[in-house]
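Subject: Structure handover

Hello,

Here is the structure, with its sequence. My notes follow below.

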Amino acid sequence: MALWQTARFDVDLSRPRVMGIVNVTPDSFSDGGRHADAAAACAHCERLVAEGADLLDIGGESTRPGAVTPSVDEELARVLPVVRHAVTLGVPVSVDTSAPEVMRAVLDAGADVINDVRALSRPGALAAVAAHPRAGVCLMHMRGEPATMQQQADYRDVVADVAAYLAERVGAVQGAGVERQRIVVDPGIGFGKTVEHNLALLARQRELLALGLPLLVGWSRKSTLGAVTGRGVGERLAASVAAALMAVERGAAIVRVHDVAATVDALKVWTAVARSGNPHGQGGSTIAR
């Protein structure tokens, strides 16, 4: 049984897991600040859990192309009230942050995972996670910063380059004392990559399994889906679910999504078909520590 160790939970990855997105920002590309108010964000957490989210991912920094990084105080004011509520809901809670001060505060508040688009590369970030005895971590690939990342989408071989970067960051994190069972990796769909790069990462995603770590993949509502379908950000449900299913088919252990209910239903069908070809296969549940 494959387990991802997080602060309060060992997450069973013998079946694909759905991570529900909670953006506590005024300028999210996907939901336009709909949950920027703490009360609205807390209610959204409850709704996503009711829809079947296996994990929640709370973020107070918009990382859309061109986004401006908030101050630490601003980010803390956004996420801490939501984290304190989310940890009462019975599922692992991830916080999408790159700021070491935010990492320490949310882990102290009971968060289970640090999900860092900068892969713990900021000074102090690695130490903040390494100091926690159990916290899970997701290391994502991104070139540059959100404000400039799309100007750096230049790769020799995008899949090989992403794999090499993630391997380097995994080595650094393990070298700091974070056990391998605490780590998952994310290829960073849309982060410093063109449409062609993103599609190549999905088409060849199985190559990333050679890293030997669970893959967390986020395709939900991304601009590449808009480029392929011609649909606006609010009209990408079908494309998002399709991409999530293809990611799982190609080995993703966790899909990070906005539309939890639809993705959960689609994965139930996928799992039923997968089990029909393997009648002795078992699907597990999230295991509390």
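**Salt bridges**

Arg256 forms a salt bridge with Asp96, with the closest N and O atoms 3.4 Å apart; the term stands for a side-chain nitrogen of Lys or Arg within 4 Å of a carboxyl oxygen of Asp or Glu. This pair links distant parts of the chain, since Arg256 lies in strand 10 and Asp96 in strand 5, 160 residues apart. Both Arg256 and Asp96 are buried, where buried means under 20% relative accessible area, exposed over 50% and partly exposed in between (1.4 Å probe, protein chains only). Helices (H or I, at least four residues) and strands (E, at least two) are DSSP runs, numbered from the N terminus.

Before the rest, the basis of these notes. The model is predicted, and local features need pLDDT of at least 70, side-chain atom pairs count only at pLDDT 80 or more, and totals for chains, interfaces and linings use all residues. Residues are numbered from 1 along each chain as its sequence is written, and side-chain values use heavy atoms, with hydrogens and water left out.

The whole structure holds 14 salt bridges. One of them joins the side chains of Arg134 and Asp10, at 2.8 Å from N to O. Here too the partners come from distant parts of the chain: Arg134 sits in the loop between helix 4 and strand 7, Asp10 in strand 2 (residues 9–12), and 124 residues separate them. Arg134 has 12% relative accessibility and therefore counts as buried.

Glu179 and Arg182 also meet through their side chains in a salt bridge, at 3.1 Å from N to O.

Asp96, the salt-bridge partner of Arg256, stands opposite Asn115 in strand 6. Strand 5 (residues 93–96) and strand 6 (residues 113–116) pair in the parallel sense over 3 bridges; two strands pair if DSSP finds at least two bridges between them. Between these strands the chain passes through helix 3 (residues 100–108), and this β-α-β crossover is right-handed. Right-handed means that, with the strands pointing away from the viewer, the path from the first strand over the helix to the second runs clockwise.

On its other pairing, strand 6 runs parallel to strand 7 (residues 136–140), with 4 bridges. Val113 stands opposite Gly136 in strand 7. The chain reaches strand 7 from strand 6 through helix 4 (residues 125–130), in a β-α-β crossover that is right-handed.

In a regular strand the side chains alternate between the two faces of the sheet. In strand 6, Val113 and Asn115 point one way and Ile114 and Asp116 the other, and all are buried.

**Strand 3**

How many of the 7 residues of strand 3 (residues 17–23) are buried? The count is 7 of the 7, so the strand is largely enclosed by the rest of the structure. Arg17, Met19, Ile21 and Asn23 lie on one side and Val18, Gly20 and Val22 on the other, and both faces are covered.

The bridge partner of Gly20 in strand 4 is Leu56.

**Cysteines**

A search of the whole structure finds 0 disulfides, a disulfide being a pair of cysteine sulfur atoms within 2.5 Å. For Cys45, the closest cysteine sulfur is in Cys42, 6.0 Å away, which is too far for a bond. Cys45 is buried at 0% relative accessibility. Cys138 is likewise buried, with a relative accessible area of 0%.

**Whole chain**

The chain has 9 helices and 11 strands. Of its 289 residues, 54% count as buried. Among contacts (heavy atoms within 4.5 Å) with a separation of 6 or more, 70% are between residues 24 or more positions apart. The accessible surface comes to about 11400 Å², of which 54% belongs to carbon and sulfur atoms; areas come from the Shrake-Rupley method with a 1.4 Å probe, and for residues only the protein chains shown count as cover.

Regards
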